[in-house]
Amino acid sequence: MPITYSTTDMPNAAEVANLLRAGGFNRPLDDLTRVERMLRNADVIVTARDGDALVGIVRGLADYAVYALVTELAVAAPYKRMGIGRELLGRFREEAGEECTIMLHSSEEGHAFYGHIGWDNIDRTWRLPRSR
């Protein structure tokens, strides 16, 4: 079955939590109410599905004028190296707009991927971690 992509599909909190957990994301994924808020308050969500199964997602925040921030890009392990991550990011860019600089914080695993697809590596990024 071909992978289908959507910018209108709102995945449920449990399936997103499962996908992110399997990908090793450091998020409060046991709190499904909080995951629901993550989804509801995102400006851009693009999903990838194989039938009904969520196999990839990119979620982010955007002002649609200057900046957009990718908060998560996740692809299920059996679906990696099939172009799904690249396609999700391309569709994220379409949604955010060509005027936006898109930023993200990469995991070690993903670091080489972003360079491979033409993203610039910058090292002047700062963060204030969440307190809970």
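Q: What makes the place of Thr71 part of strand 4?
A: Thr71 falls in residues 67-75, which form strand 4; strands here are DSSP runs of E with at least two residues, and helices are runs of H or I with at least four, numbered from the N terminus. This is a predicted model, where local features need pLDDT of at least 70, side-chain atom pairs count only at pLDDT 80 or more, and totals for chains, interfaces and linings use all residues. Residues are numbered from 1 along each chain as its sequence is written, and side-chain values use heavy atoms, leaving out hydrogens and water.

Q: Why is the link between the side chains of Thr71 and Glu72 called a polar contact?
A: The two side chains are joined at 3.2 Å, and a polar contact is a pair of N or O atoms within 3.5 Å, one able to donate a hydrogen and the other to accept it; residues adjacent in sequence count only if both atoms are side-chain atoms. The Thr71 and Glu72 pair therefore qualifies.

Q: Which residues lie nearest the centre of the largest pocket?
A: They are Phe25, Arg27, Thr71, His105 and Ser107, among 48 lining residues. A pocket is an open set of points on a 1 Å grid over the protein atoms alone, where a 1.4 Å probe fits, with protein on both sides within 12 Å along at least five of seven lines; lining residues have an atom within 4 Å of a point.

Q: Which strand gives the most to this lining?
A: Strand 4, with seven residues.

Q: Which element gives the largest share of the lining of the second largest pocket?
A: Helix 3, with five residues.
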